[in-house]
Amino acid sequence: MTSESDLIIIGGGIVGLATAYRFLERFPGKTVTVLEKETTVAQHQTGRNSGVMHTGIYYKPGSLKATNCRAGKKAMEEFCTKENIPFDLCGKIIVAVEESELPRMEMLLERGPQNGVVCNRIGPEQIRELEPHGVGIAGIHVPEAGVVDYGVVCRRLAAIIVEKGSRVVTSAKATAIKRDNGRAIVETSAGEFAAQQIVNCAGLYSDRITKLSGAKPSAKVVPFRGEFYALRPEGQHLVKGLIYPVPDPAYPFLGVHFTKRMSGMIECGPNAVLAFAREGYTNKTVNLRDLCETLTYLGFWRLATKYWKIGMNEMHRSFSKPAFVRALQRLVPEIKSEFLDWAPAGVRAQTVSPDGKMVDDFVIEETDRVVNVENAPSPAATASLNIGKVVVDKVAARFA
């Protein structure tokens, strides 16, 4: 028997749940079914990310990342306040430790105000005032940066969806998508579901669901594992908030940094290394299908050829704790190896184009009765409530 609703969303991460929430907000008489392959929501990228509420200082002005991040952060703060979900605007410093980093830092100082971000140039003394154990020759203070537990946000979103008479169906892995008599039908491990419209928010599997929908993905997901340490209690006094290096704009990862979590834990990392499975949270986890897809993809080899030196450095830090510690000591010299324990890893769904470029911006494409969120990297969690509005705008004509 086929279960009917007005909208189906594939993926119970924060983007999928935020889209369902925004749909029911705009169309209160309609119903939505969120399909999640795991037993609970937010099990992958959402539940394993840093929890940072990004401000938008890094992103190219006018990009989907920049515009959605600013509006999304405001919406996330409003949602958390309304739903009594704690968050902490603890602030961030972005630190230059070498002269060669200053031009890139100055670029961020220009970009921030263009994106509506309040940020200030600071010197070594102010760095010490904000982070007494941090060092740098100059930096940027971003006071509105913060942290939240996005898993808590997702569980509340899921509860609201159910309270409004819709459903979140877990253990429902999508296996096929078809069309029949003006409807879109999703076949899953939990049965068959039909609706006027489908939205693909499958994260790590977004390209595969795009293929199921009958569209050709513009890029392929290549999974990168982010490996972290956490400061033991005796080292937690060394970090008060968020301490980041000046990023390299040619490389989409932000470099090893310190993140205060809502739990009080101080997270250090990440290393960004190729994962041997889309859910490869350890270096011993191997999925032959996932690995074969990566290793037979020309785009991956073009990427590897371009970034092999950076990749080797990341791998070295993955296997060498002393190398990892040295990277952390650039920002906080008093860090010691004995202060660090392994922390849970995450996997980033990095889409890579056939020409070997990492797709940096959000990508949302439409096909017959399906909207595919093909790429939603960081700051997708921060921006999720606004991404949800953008997606609902795309499907709204079917429900007007």
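## Helices α1 and α10

In this predicted model, helix α1 (residues 14-26) packs against helix α10 (residues 380-395) with the two axes 8 Å apart and at an angle of about 45 degrees. That angle makes α1 oblique to α10. As for handedness, α1 passes α10 in a right-handed crossing.

Who touches whom here? On the α1 side, the contact involves Ile14, Val15, Ala18, Thr19, Tyr21, Arg22, Phe23 and Arg26. Facing them from α10 are Ala380, Ala381, Ser384, Leu385, Ile387, Gly388, Lys389, Val391, Val392 and Asp393. Sorted by type, the residues of the contact between α1 and α10 come out as 11 nonpolar, three polar and four charged.

## Helices α2 and α5

Next up is the pair made by helix α2 (residues 64-82) and helix α5 (residues 150-163), whose axes come within 11 Å and cross at roughly 70 degrees. Angles of 65 to 115 degrees count as roughly perpendicular, so α2 is roughly perpendicular to α5. The crossing of α2 and α5 is left-handed.

From α2, the residues in contact are Met76, Phe79 and Cys80. They meet Tyr150, Val153, Arg156, Leu157 and Ile160 in α5.

Which strands does β6 pair with? One is strand β8 (residues 138-142), joined to β6 by five bridges in the antiparallel sense. In that pairing, lysine 92 has valine 142 of β8 as its bridge partner. Another is strand β16 (residues 242-245), which runs parallel to β6 and is linked to β6 by four bridges. There, isoleucine 94 is bridged to tyrosine 244 in β16.

## A three-stranded open sheet

Elsewhere, three strands form an open sheet in the order β4-β9-β5, with antiparallel pairing. β4 (52-53) and β5 (87-88) sit at the edges with a single partner strand each, so one side of each has no neighbour in the sheet.

To zoom in on one of those pairings, β5 and strand β9 (residues 146-148) are antiparallel and share two bridges. Phenylalanine 87 has valine 148 in β9 as its bridge partner.

## Arginine 128

Last stop: arginine 128, which is found in helix α4 (residues 124-130). Buried, exposed or in between? Its relative accessibility is 40%, so arginine 128 counts as partly exposed; the exposed class needs over 50%.

Leaving aside residues up to four places away in sequence, arginine 128 touches His133, Gly134 and Val135. For a sense of distance, take glycine 165: arginine 128 and glycine 165 are 37 residues apart in sequence, and their C-alpha atoms are 52 Å apart in space.

Definitions and conventions: Residues are numbered from 1 along each chain as its sequence is written. This is a predicted model: local features need pLDDT of at least 70, side-chain atom pairs count only at pLDDT 80 or more; totals for chains, interfaces and linings use all residues. Side-chain values use heavy atoms; hydrogens and water are left out. Axes are lines fitted to C-alpha atoms, for helices over the stretch in contact, and angles run from 0 to 180 degrees between N-to-C directions. Angles under 35 degrees count as roughly parallel, over 145 as roughly antiparallel, 65 to 115 as roughly perpendicular and the rest as oblique. A crossing is left-handed if the near helix is turned anticlockwise from the far one by less than a right angle, and right-handed if clockwise. Contact means heavy atoms within 4.5 Å. Two strands pair if DSSP finds at least two bridges between them. Buried means under 20% relative accessible area, exposed over 50%, partly exposed in between (1.4 Å probe, protein chains only). Ala, Val, Leu, Ile, Met, Phe, Trp, Tyr, Cys and Pro count as nonpolar, Asp, Glu, Lys and Arg as charged, and the others, Gly among them, as polar.
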